[in-house]
Amino acid sequence: MTLTEIDAVVDDFGAATRRAREAGFDVIEIHAAHGYLLHSFMSALSNTRDDQYGGDYEARTRLLREVITRVREEWGERPLFVRISVVEAFESPDSWTLADSERIAGWLIDQGVDLIDCSTGGLVPGAGIFGDTPAYQLEYSEALRRVGATTAVVGGITEPAQAEEILRDGKADLVLLGRELLRNPGWVGRAAAELGVPRPAPPQYFRAYRPGESTALLTERTH
Ligand SMILES: Cc1cc2nc3c(=O)[nH]c(=O)nc-3n(C[C@H](O)[C@H](O)[C@H](O)COP(=O)(O)O)c2cc1C
């Protein structure tokens, strides 16, 4: 990318944020993980530039920092999340490391980023932590929480009690699900029922609740 093209990308993030605001979105998440553009600048595995956007940590994170700054200008104090690959899980001295993530987390916190969504890998083929083992990326959320970040965990969370335990133990502030919601689109309702909390649903769904269930849940929802 030329410097002019980089400036245009920052402008585009700003314009997209403005449209999101005008459209009434509640939250924006900037994707700086999984080999997407911002991640590809952050990691020396992919960033071989020799200008102010490549080289040391400061240079490689410059585009992310410019984008976040611009998005904040457009988004005001509304909730802003950032997803990063906390580790690249790829054996190379050029890999982005946990120490890099702890460092960028400090900057993101200072910018008022509300939540860091903790994933891994995705930059080069085969890099990342994959699987279906329970909460397999949780340690990265815990690590960034230790440096003061508010975090989300994703990966291998399938059970309501498991999600609740993660929150209760202070290992993440938000639990995200991917594949389990594809397997079971009604998961949120199931989780609410299992955990004994009101089921979040549009009112038209209430007619589908079983008698005892609907009464209790409707009563709670009206508070
Ligand atoms: C079909 C599919 C598409 C996905 N697309 C994206 C994506 O565009 N961006 C992203 O950050 N993660 C994407 N993911 C990864 C999920 O966000 C999530 O991090 C990953 O599936 C692990 O969580 P899980 O075990 O709950 O599925 C995708 C996952 C699946 C299964």
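A: Axes are lines fitted to C-alpha atoms, for helices over the stretch in contact, and angles run from 0 to 180 degrees between N-to-C directions. This is a predicted model, in which local features need pLDDT of at least 70 and side-chain atom pairs count only at pLDDT 80 or more, while totals for chains, interfaces and linings use all residues. Residues are numbered from 1 along each chain as its sequence is written, and side-chain values use heavy atoms, with hydrogens and water left out.

Now for the close look. Find helix α7 (residues 160-168) and helix α9 (residues 187-195): they pack at an angle of about 70°, and their axes lie 9 Å apart. That makes α7 and α9 roughly perpendicular to each other (under 35 degrees is roughly parallel, over 145 roughly antiparallel, 65 to 115 roughly perpendicular, and the rest oblique). On the α7 side, the contact (heavy atoms within 4.5 Å) is made by Pro 160, Ala 161, Ala 163 and Glu 164, and α9 brings Trp 187, Arg 190, Ala 191, Glu 194 and Leu 195. Sort those residues by type and you get six nonpolar, no polar and three charged. Here Ala, Val, Leu, Ile, Met, Phe, Trp, Tyr, Cys and Pro count as nonpolar, Asp, Glu, Lys and Arg as charged, and the others, Gly among them, as polar.

Stay with α9 for a moment. Its buried residues are Trp 187, Gly 189, Ala 191 and Ala 192 (buried is under 20% relative accessible area, exposed over 50%, partly exposed in between, using a 1.4 Å probe and protein chains only).

Now step back. The chain has 10 helices and five strands, and 42% of its 223 residues count as buried. Its C-alpha trace spans about 65 × 40 × 30 Å along the principal axes. Of the contacts between residues at least 6 apart in sequence, 61% join residues at least 24 apart.

The five strands form an open sheet, in the order β1-β2-β3-β4-β5, with parallel pairing (two strands pair if DSSP finds at least two bridges between them). At the edges stand β1 and β5 (174-176), each with a single partner strand, so one side of each has no neighbour in the sheet. On average, neighbouring strands are turned by 25° against each other, direction ignored.

Strand β1 (residues 28-32) has Ile 28, Ile 30 and Ala 32 on its covered face, with Glu 29 and His 31 on the uncovered one. Five bridges join β1 to the parallel strand β2 (residues 80-85), and Ala 32 has Ile 84 as its bridge partner in β2.

Next comes β3, which pairs with β2 in the parallel sense over five bridges; Arg 83 has Asp 117 as its bridge partner in β3. Five of the five residues of β3 are buried, so this strand is largely enclosed by the rest of the structure. Leu 115, Asp 117 and Ser 119 point one way, Ile 116 and Cys 118 the other.

Helix α5 (residues 98-110) lies across β2 and β3, running at about 170° to β2. In the loop between β2 and α5 you'll find Ala 89, with a positive phi of about 55° although it is not a glycine. Ala 89 is partly exposed, at a relative accessible area of 36%. Ala 135, in the loop between β3 and α6 (138-146), has a positive phi too, near 45°, but at 13% relative accessibility it counts as buried.

Finally, look inside helix α6 for Ala 143, which is buried with a relative accessible area of 3%. Leaving out residues up to four places away in sequence, Ala 143 touches Leu 98 and Glu 102. The C-alpha atoms of Ala 143 and Ser 101 are separated by 9.3 Å, although these two residues are 42 residues apart along the chain.

Conventions:
Helix = DSSP H or I, 4+ residues; strand = E, 2+ residues; numbered from the N terminus.
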